[in-house]
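Reader: I have a new model open on my screen and would like to find my way around it. Could you take my questions one at a time?

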Amino acid sequence: MKFIVSRDVLYKNLSAISGVLGTNSTLPILDNFLFTVENETLTLTASDLDATMTATVQLTNVEGEGSVAIPSKTILETLKLMPVEIPIVFDIDLEAHVLKFSTENGEYDSSCFPGEEYPAMKTMEEPQSFEIEAPILHRAISKTLFATGNDELRPNMMGVLCELSNESITFVATDAHKLVRFTNTSVKVEDSISFILPKKPITQLKSILSGVNEKVKVEYTVDTHHIRFSFANIVLFSSLKEGKFPAYQAVIPKENPNKFEVVRKDFHKSICRVGIFSNQSTFQVRVSLSDEKTVITAEDLDFSNKAEEMITGAYTGEPMDIGFNSKFLREMLENLDSDVIALEMSQPNRAALILPTEQDSSEEDLLMLIMPVMLNY
């Protein structure tokens, strides 16, 4: 089997799918990319069994067809160090399992493995589907992914909930300390349904959707727990997380009479500075709110550290002191775009909402929730 392909095209596509490769795979074959040539099309595949990504590349000057598994580290590192915009000639002996690829300045030999040993991508029978604009999907993942949990004892939180209805599409993520809900009304389906998208494949999806401006076709089968995203020359196939997502609606407070509006960047910088002086196990900061002034303080008695800042904002409600984990609060502020945000609260021991005062689109609604911490000073 022999073919010619551009270094830039090959490297770009292998890099795009490489994120799903496993780091500690129990199957050595999964440390490889699968190269399949058929009908003058090269299909590149990477997999960790739970998720599989493919990218297709059109070829010219093709001799023969077949498939071969090529060591991912070897091919990626070699291509990375090659000059750009050069053609590469691949000459593969499928029987001897020997790979040769060459440029005008060099020739490289490597062992490879039979393509038949590579796990085949699972099929989906009669999937349901919808289409979503790539920028909307990218934004939905970007706004929620950071709030997913890492606790393996609560695997249902180690992903992003996707809810579909005849009114909107909603993405929700939580780790029990913070929660983000992103809703867009431009995507609708006839039958309401929900499933949990696992963190690793959608992290990869987020990275390759950046800059894409076309529709993404999403196909899913909830009974067999699979999902497939298709756009341009890329396909991402993944298992869905099993289990039930927490009843997040119950923790979102409906009545929040205390409201603090503040310039997001000023609030973020103040939290960052004061947070440096907080206890490095709790990261606790105190926000003291009144209609006269707002003060942010932190203290670490073990190291005699203390910081206090006054910040300008508009507060309406009863005076109150509320504590937050500064790391969580900082993360949430970093993932908002609105110049001015609203911090809405009911009581110091109840969840607080962080809302943009301006949404990017009339079709979009973004809500963030943060649980307070008990004040100990």
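This is a predicted model: local features need pLDDT of at least 70, side-chain atom pairs count only at pLDDT 80 or more; totals for chains, interfaces and linings use all residues.

Reader: Which residue in strand 8 is the bridge partner of D91?

Author: Look along the antiparallel pair made by strand 7, residues 87-93, and strand 8, residues 98-102. The partner of D91 sits in strand 8, and that residue is K100.

Reader: What is the strand order of the open sheet of five strands?

Author: Start from the edges, strand 5 (60-63) and strand 9 (107-111), each of which pairs on one side only. Neighbouring strands in this sheet are turned against each other by 25° on average, direction ignored. The pairing is antiparallel, and the order reads 5-1-7-8-9.

Reader: At about what angle does helix 1 run to strand 1?

Author: Helix 1 is made of residues 7-17, and strand 1 of residues 2-6. The helix lies across both strand 1 and strand 7. Its angle to strand 1 is about 85°.

Reader: Now to strand 2: how many of its seven residues are buried?

Author: Strand 2 spans residues 32-38 and is mostly covered. It pairs antiparallel with strand 6 (residues 66-71) over six bridges, and another five bridges join it to strand 3 (residues 41-47), also antiparallel. Across these pairings, F33 stands opposite I70 in strand 6, while F35 stands opposite L44 in strand 3. Of the seven residues of strand 2, the number buried is five.

Reader: Which residue in the turn of the hairpin between strand 2 and strand 3 has a positive phi?

Author: The two strands of this hairpin have two residues between them. The phi in question is about 55°, and it belongs to N39.

Reader: Which helix gives the most to the lining of the largest pocket?

Author: This pocket has a volume of about 320 Å³ and a lining of 17 residues, with D50, P198, K199, P201 and K241 nearest its centre. By type, the lining divides into five nonpolar, six polar and six charged residues. Two elements give two or more residues to it, helix 4 (199-209) and strand 18 (234-239). With three residues, the one that gives the most is helix 4.

Reader: Is T123 buried or exposed?

Author: T123 lies in the loop between strand 10 (113-114) and strand 11 (128-133). Its relative accessible area is 65%. The cut-off for the exposed class is over 50%, so T123 is exposed.

Reader: How many of the eleven residues of helix 3 are buried?

Author: Helix 3 runs over residues 134-144 and is mostly covered. Its buried residues include A134, I136, L137 and I141, and R139 and K143 are also among them. The count of buried residues in helix 3 is nine.

How values were computed. Residues are numbered from 1 along each chain as its sequence is written. Side-chain values use heavy atoms; hydrogens and water are left out. Two strands pair if DSSP finds at least two bridges between them. Helices (H or I, at least four residues) and strands (E, at least two) are DSSP runs, numbered from the N terminus. Axes are lines fitted to C-alpha atoms, for helices over the stretch in contact, and angles run from 0 to 180 degrees between N-to-C directions. Contact means heavy atoms within 4.5 Å. On a 1 Å grid over the protein atoms alone, a cavity is a set of points where a 1.4 Å probe fits but cannot get out, and a pocket is an open set with protein on both sides within 12 Å along at least five of seven lines; lining residues have an atom within 4 Å of a point. Grid points are joined across faces, edges and corners, and a volume is the space filled by probe spheres set on the points. Ala, Val, Leu, Ile, Met, Phe, Trp, Tyr, Cys and Pro count as nonpolar, Asp, Glu, Lys and Arg as charged, and the others, Gly among them, as polar. Buried means under 20% relative accessible area, exposed over 50%, partly exposed in between (1.4 Å probe, protein chains only).
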